[in-house]
Amino acid sequence: MDRAARRSWRAFYVCVIAVSTLTACQKEVTEHANATQLQTVTTAPLRLSASYQSEQVFTGTIRAGNTTGVGFELSGKLSELTVDSGAKVTQGQVLAKLDTRLLDAEHQEIQASLAQTQADVDLATSTLNRNLELKKSGYVSEQLLDENRTQLASLEAAKKRLLASQRANQLKRDKSQLLAPFDGIISQRQHNLGEVVAAGSPVFTLVGSVNTEAYIGVPVAVAQQFVNGQNVTVSVHNQQFTAKIAGISAEVNPISRTLQLRISLPEHANVINGEIAYLHQQQTVEQAGYWVPVSALIDGIRGRWNIYVTTPPSQPTTDSISTQIERRDVDILYTTQDMAYIQGAIKADEQYVTQGLHKLVVGQAVSSIASTR
């Protein structure tokens, strides 16, 4: 075979191989194009509920059972302060003292007058007894005896007056010491050592350490659901307590239009006067709807909320497991931290997409798997 013939056969073989290769590639591309890769979504069935539990939270403040401004009943100069702000005190403990030098001098004066009066009483008594003996012998007139009796009675009256003054002076000296009326903590001191304080002016603000209560205002309709002694749930600074209704106000607050509940906290409650307290009230709302995760909701048009449900495709497909995305309008009735109670253009047992809605569009064919939640 000559050289020209060999070149012809070689060219023929190259063409055959090229045609075979192109045919195989086209077949592979066609098969790949015909194999549809569907988006996989997680779905769950809609379960109809006849009602839902709604939690309402009302706020108030913590108040100690006893909070008072403690001051002297008398005016005077502060001579001693035995406690200061933040100090824990017990009932009857001395908190402060007034200068009692004037009262001490008055006490000494009364004691001297009392001693003098007692001496006069003793003398008048002896004189009366002596004249009574002389009267038996007829040496003393009846008028003189009357004068002796009157003088003795007058001296006895003066003695009683001095004894009353002595008791009053002692009472003033006792009240010159400021005593704690109950167990508690000194929250504030209003006066300094050496100041002259007026009668009744508070020297300390004392906050009781027992009988802590929460005062919380609630609407009238809600207040009617409570009775005295009922257990309620109150939280203060991430602490939750089972407390009791101690009293319900009989007057609506003219500003907040609420009734005030007085709630007694347990003795072990570690709270501070003035802290914010929260009352948690559960109530059943009779309204049909469906619980879904918040992640299953998406913004709709005109402020509406939507949920995606999966339905059979509108056009027949060769893939029997594929479904189609539909958008449904819903209304949110109530929400918790991660769940929402909804109603709208949905039916029980329909499959809805639980998450990943940002990856989907309406009408998209998807492959769904059941949620394990």
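Author: Let's start with a crossing: helix 2 and helix 3 cross in a left-handed way, where left-handed has the near helix turned anticlockwise from the far one by less than a right angle, and right-handed has it clockwise. Helices here are DSSP runs of H or I with at least four residues, strands are E runs of at least two, and both are numbered from the N terminus. This is a predicted model, so local features need pLDDT of at least 70 and side-chain atom pairs count only at pLDDT 80 or more, while totals for chains, interfaces and linings use all residues. Residues are numbered from 1 along each chain as its sequence is written, and side-chain values use heavy atoms, with hydrogens and water left out.

Reader: Is helix 2 roughly parallel or antiparallel to helix 3?

Author: Helix 2 (residues 101-137) and helix 3 (residues 142-175) pack with axes 8 Å apart and an angle of about 160 degrees; axes are lines fitted to C-alpha atoms over the stretch in contact, and angles run from 0 to 180 degrees between N-to-C directions. Under 35 degrees counts as roughly parallel, 65 to 115 as roughly perpendicular, over 145 as roughly antiparallel and the rest as oblique. That makes the pair roughly antiparallel.

Reader: Where is Thr212, and is Thr212 buried or exposed?

Author: Thr212 is in the loop between strand 11 (202-208) and strand 12 (213-218). Leaving aside residues up to four places away in sequence, Thr212 touches Ile62, Arg63, Ala64, Gly65, Ile263, Ser264, Leu265 and Val271, a contact being heavy atoms within 4.5 Å. Buried means under 20% relative accessible area, exposed over 50%, and partly exposed in between (1.4 Å probe, protein chains only). Thr212 has 16%, so Thr212 is buried.

Reader: How far is Pro293 from Thr354 in space?

Author: Pro293 sits in strand 17 (residues 289-293) and is buried, with a relative accessible area of 7%. Pro293 and Thr354 are 61 residues apart in sequence, but C-alpha to C-alpha they are apart by 6.7 Å.

Reader: What is the phi of Arg257, and is Arg257 buried or exposed?

Author: Arg257 is in the loop between strand 14 (239-248) and strand 15 (259-264). Although not a glycine, Arg257 has a positive phi of about 55 degrees. With a relative accessible area of 54%, Arg257 is exposed.

Reader: Which loop holds Arg302?

Author: Arg302 is exposed, at 84% relative accessible area, and has a positive phi of about 55 degrees without being a glycine. Its loop is the one between strand 18 (297-299) and strand 19 (305-311).
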